[in-house]
Amino acid sequence: MKNITPLLFCFITLISNAQTAKIHKETISHKGKPKLIVGIMVDQMRWDYINRFKPYFTSQNGLNRFLNEGSTCDNTLIPYVPTVTACGHASVYTGSVPSINGITGNNWFDNQKQKSVYCVEDESVQSIGVENIASGKMSPANLWTTTIGDEMKIASNFKSKVIGISIKDRGAILPAGHSADGAFWYDSKTGYFISSSYYAPQLPTWVTAYNARHRPDSLYALDWNLSLKKSIYEANCDNDQNEYESTPLGKDQKGFPYNLHGFIGKDYSKISSTPYGNTLVAELAQQAIINEKLGQDNITDLLAVSFSSPDYIGHSFGPDSWETLDGYVKLDDLIAQLFTTLDKQVGKDNYTVFLTADHAVANIPGFAKKHKLPGGVVNEDQIKKGLSDFLMSKGLNGKLISAVREYNVHFNHSLMDSLNINNDKLIALSAQYLEKLPEVLQVVDARNATASGLPQSLRERIANGYNPQRAGDILIVTKSGYVDGFFTGTSHGVLYNYDAHIPLLLLGAGIKHGVINAPTYMTDIAPTITTLLGIQMPSGAIGKPILEVLK
Ligand SMILES: [Zn+2]
């Protein structure tokens with residue numbers, strides 16, 4: 001610098017200031033408007049996991065980055081029932097609830113067709129990636145309202161790129177929305193990511209290339225070993241082996257370490273119940289960012305990523321298991337890797353990420369019992385049989401109950417009409433039986449849920465889950481801690497806080513640093529993102545933008 005004359009130095013300074021001003025102006029015109037939105041769903045993640053597992057997140061670039069730089073909404077609730085995967089993925093991206101977006105369950109009983117429907121089934125499309133399989137005959141056709149991605153498409157004259165990736169078909173399809181460029185999910189028979197002809201006639205080359213690497217085999221070869229010292233699991237979790245945990249990796253495998261190399265070339269379904277299911281999703285997401293050039297121009301793109309393995313692991317081993325803690329420690333590493341790729345490809349200040357869950361989960365009933373906590377097991381098939389038997393004992397037809405699904409009791413309305421049976425009478429008779437069951441708190445006339453005797457916020461959640469075509473006539477509200485399932489493992493689906501309280505973390509362009517303790521809802525996420533982008537809210541959105549998180 002000492003060789004430069006003062007005049008020349010002054011000139012250089014002027015030029016560089018002018019350049020800074022120009023760059024600055026460009027930055028200002030897009031200030032807070034990210035080039036890429038990344039939505040991360042962690043299937044079955046409870047809110048309290050963040051605080052419980054935080055001491056064991058080794059990287060500053062994973063979940064800690066949200067806590068250190070982003071916004072944390074600590075009281076985010078799901079404003080409807082049932083709290084299950086399809087409803088959660090649909091609600092986050094539509095900002096809406098099952099009564100309006102139509103996704104009333106993973107499966108629902110269609111009251112007109114009188115048959116069970118899977119949330120993303122679509123007979124009119126074909127599997128892409130692997131031919132002649134049913135697992136690709138899927139689309140968002142059953143979703144009735146628009147998503148964040150659909151509104152981004154509309155606002156950009158369909159120039160925004162929108163991609164969904166998950167192990168579960170519904171975890172990729174519902175977040176990606178109707179006008180997505182692609183949704184990719186895992187086929188557990190072949191170990192490949194597949195799609196459907198709804199999106200495109202063939203897989204993009206980067207998906208085919210990823211499949212050709214046979215990553216499930218090389219991941220199986222690593223087995224599942226603990227990431228942290230054994231003493232950490234001993235101090236923070238239930239026993240490694242319990243009679244109330246199930247054994248998704250084989251009856252003979254009841255604790256760490258898990259041998260996975262026996263599945264190589266043989267069984268591609270097992271990877272979902274290990275942390276390596278998350279590895280597959282994180283790796284394919286990074287391939288999407290690079291190959292689809294997401295976030296490379298000023299038209300905002302959307303990448304919707306859903307990690308399904310925490311749900312499979314959680315159902316089998318429960319929230320207090322070594323497997324769950326270890327799964328989250330490994331997921332934290334994968335999120336850090338994803339951020340590294342985003343920083344490199346898109347630039348640190350050019351993208352916005354939100355992380356949330358589709359639902360949380362109950363303790364394993366056996367664990368609850370061990371610790372004298374309330375709860376137990378319910379079985380919907382037994383409820384259906386018991387109720388049908390009771391109706392027959394009252395001289396009625398046992399086929400009047402079509403289905404008991406996600407705590408919904410569906411009546412057979414055409415049979416009711418032909419037998420001239422009054423709806424109110426059948427509800428009253430069913431309630432007479434159901435309300436005597438030890439696990440039942442009360443039953444609610446679904447169509448008139450707002451008139452029930454429950455606190456208002458809970459009545460609203462039932463009303464928000466009710467749809468005349470796709471929901472039952474009665475909703476069974478179980479007592480706290482009761483889980484629909486078996487002696488081993490656990491589940492979710494009800495309105496209690498263990499199922500309904502989810503994490504919500506935001507980070508990146510346009511997002512402030514801070515903690516929001518005021519109540520927020522799953523349905524607020526979509527309006528927050530569309531407000532950040534300055535575009536229309538999804539058509540059925542009922543939430544409010546969380547203004548406290550926006551710069
Ligand atoms: Zn689940």
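Angles under 35 degrees count as roughly parallel, over 145 as roughly antiparallel, 65 to 115 as roughly perpendicular and the rest as oblique, where each angle runs from 0 to 180 degrees between N-to-C directions and the axes are lines fitted to C-alpha atoms, for helices over the stretch in contact. The structure is a predicted model, in which local features need pLDDT of at least 70 and side-chain atom pairs count only at pLDDT 80 or more, whereas totals for chains, interfaces and linings use all residues. Residues are numbered from 1 along each chain as its sequence is written.

The protein has 20 helices and 21 strands, which are DSSP runs numbered from the N terminus (H or I over at least four residues for helices, E over at least two for strands). For 551 residues a compact globule would have a radius of gyration near 24 Å, and the 25 Å of the protein agrees with this; the radius is taken over C-alpha atoms, and the globule rule is 2.2 Å times the number of residues to the power 0.38. Along the principal axes, the C-alpha atoms fill a box of roughly 105 × 50 × 50 Å. Of the 551 residues, 52% count as buried, a residue being buried if 20 or more other C-beta atoms lie within 10 Å of its own, exposed if 12 or fewer, and partly exposed in between, with C-beta atoms placed from the backbone. Among contacts with a separation of 6 or more, 74% are accounted for by residues 24 or more positions apart, two residues being in contact if their C-beta atoms, placed from the backbone, lie within 7 Å.

Helix H11 (residues 276-291) packs with helix H13 (residues 322-345) at an angle of about 5°, the axes being 10 Å apart, and the two helices are therefore roughly parallel to each other. The H11 side of this contact consists of Asn 278, Thr 279, Ala 282, Ala 285, Gln 286, Ile 289 and Ile 290, which meet Lys 330, Leu 331, Leu 334, Gln 337, Leu 338, Thr 341, Leu 342 and Gln 345 in H13. These residues divide into 8 nonpolar, 6 polar and 1 charged, with Ala, Val, Leu, Ile, Met, Phe, Trp, Tyr, Cys and Pro counted as nonpolar, Asp, Glu, Lys and Arg as charged, and the others, Gly among them, as polar.

Helix H20 (residues 525-533) is mostly covered, with 7 of its 9 residues buried, namely Ile 525, Ala 526, Thr 528, Ile 529, Thr 530, Leu 532 and Leu 533. The elements against which the buried residues of H20 pack are strand S1 (36-42), helix H4 (85-94), helix H6 (148-155), strand S11 (351-356) and strand S19 (504-508). Gly 534, with a positive phi near 70°, follows H20.

An open sheet of 4 strands is ordered S13-S14-S16-S15 with antiparallel pairing, where two strands pair if DSSP finds at least two bridges between them. Strand S13 (401-405) and strand S15 (440-445) stand at the edges with a single partner strand each, so one side of each is left without a neighbour in the sheet. On average, neighbouring strands of this sheet are turned by 20° against each other, direction ignored. Strand S14 (residues 408-411) pairs with strand S16 (residues 474-478) in the antiparallel sense over 2 bridges; Asn 408 has Leu 475 as its bridge partner in S16, and Val 409 stands opposite Ile 474. S15 and S16, which also run antiparallel, are joined by 5 bridges, with Val 443 partnered by Ile 476 of S16. Because 5 of the 5 residues of S16 are buried, this strand is largely enclosed by the rest of the structure. Both of its faces are covered, with Ile 474, Ile 476 and Thr 478 buried on one side and Leu 475 and Val 477 buried on the other.

Several loop positions have particular backbone geometry. The peptide bond from Val 81 to Pro 82 is cis, with omega near 0°, and Pro 82 lies in the loop between strand S3 (76-77) and H4. Phe 256 and Pro 257 are likewise joined by a cis peptide bond, with omega about -5°, in this case with Pro 257 in the loop between helix H10 (230-236) and H11. Gln 44, a residue other than glycine, has a positive phi near 80°; it lies in the loop between S1 and helix H2 (48-53) and counts as buried, with 31 C-beta neighbours inside 10 Å.
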